[in-house]
Amino acid sequence: MTGSEDAVLRVLGKDEELTNRLDAELTAFNQQATGAADEAELSVRVTDAGGELVAGLTGWSWGTCAGINMVWVRADRRGRGWGGRLLAAAEREARRRGCTEISVASFSFQAPGFYRRHGYLDTGRREGIPGGHVDHQFWKSLVTDTASAVRLVALVELPDVAAGRHYEDSVLALLPRHGGRLERRLRTGDGRTEVHVIRFDTRAGYAGYLADPERIALRAGLGEAAPQTRVLEVHEV
């Protein structure tokens with residue numbers, strides 16, 4: 001235990017009172033910051049004829065976002081499609097609540113392949129899980145077919161660093177109007193090269209971004225100072 005004259009710091013184990021207080025405080029802060037005050041829990045339950053739990057899903061919705069916390073199917077009922085039914089039911093309810101996207105995390109020893117088969121796209125990973133495993137992060141659109149999504153890696157060389165950065169800030173801000181998302185933006189130490197990982201909901205959205213008059217005008221305005229970009233279309237392996 002450490003502290004000062006007016007406060008004491010203690011490290012403990014489970015603390016339900018603290019958990020509830022932090023949840024309430026951060027929920028209020030988040031609602032004020034976003035203007036979305038409709039955060040709600042979401043669950044799907046499957047029981048057998050005797051009332052015993054067969055499978056279940058828990059999650060949440062908030063504004064236009066939904067998320068899955070836990071998915072479980074009893075051992076004797078696995079391989080019968082219950083996982084997919086749970087996901088479908090949760091996605092339907094999320095859409096009913098006005099959500100346009102849903103996310104979930106899965107350890108490598110759990111079911112990352114399951115989520116990929118159901119249209120969830122990899123958005124990140126965290127190494128170092130006990131036993132040498134990985135924590136995979138997934139996202140899925142609830143309004144477009146994720147099978148139509150296009151993922152790109154752009155290698156951007158900036159002849160004029162200041163002008164190039166300003167240009168990239170401006171054109172990357174145009175992505176949402178075409179169903180695009182910037183997943184990662186990386187920069188070399190000298191600041192002259194950037195790597196962007198970008199996803200579009202559809203190939204038509206990507207084409208629309210390339211043809212966007214504002215993007216074209218911004219690029220033309222730079223002349224020889226315009227970034228030199230190589231774009232690769234990629235997918236998970």
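These legends describe close-up views of a predicted model. Local features need pLDDT of at least 70 and side-chain atom pairs count only at pLDDT 80 or more, while totals for chains, interfaces and linings use all residues. Residues are numbered from 1 along each chain as its sequence is written, and side-chain values use heavy atoms, with hydrogens and water left out.

**View 1. The largest nonpolar core.** This core holds 22 residues. A nonpolar core is a set of buried Ala, Val, Leu, Ile, Met, Phe, Trp, Tyr and Cys residues joined through side-chain atoms within 4.5 Å; buried means under 20% relative accessible area, exposed over 50%, and partly exposed in between (1.4 Å probe, protein chains only). Val44, Leu57, Ile68, Leu86, Leu87, Tyr115 and Tyr120 have the most contacts inside the core. Elements giving two or more residues to it include strand 3 (40–47), strand 4 (53–62) and helix 2 (82–96). Helices (H or I, at least four residues) and strands (E, at least two) are DSSP runs, numbered from the N terminus. Helix 2 supplies the largest share of this core, five residues.

**View 2. The surroundings of Leu86.** Not counting residues up to four places away in sequence, Leu86 touches Val44, Val46, Ala55, Gly56, Leu57, Val71, Trp72 and Val73. Contact means heavy atoms within 4.5 Å. A second, separate core has 11 residues, among them Val150, Val171, Leu172 and Leu174.

View 3. The strands follow the order 10-11-9-12 with antiparallel pairing; two strands pair if DSSP finds at least two bridges between them. Strand 10 (180–187) and strand 12 (228–234) each have a single partner strand, so one side of each is left without a neighbour in the sheet. On average, neighbouring strands are turned by 20° against each other, direction ignored. Axes are lines fitted to C-alpha atoms, for helices over the stretch in contact, and angles run from 0 to 180 degrees between N-to-C directions.

**View 4. Val156 and its bridge partners.** Strand 9 (150–157) pairs with strand 12 over seven bridges, and eight bridges join strand 9 to strand 11. Val156 has Thr229 as its bridge partner in strand 12 and Glu194 as its bridge partner in strand 11.

**View 5. Strand 11 and the helices packed on the sheet.** Seven of the eight residues of strand 11 are buried. Helix 4 (161–172) touches strand 9, strand 10 and strand 11 (193–200), and its direction makes about 160° with that of strand 10. Helix 5 (203–210) lies across strand 9, strand 11 and strand 12, at about 135° to strand 11.
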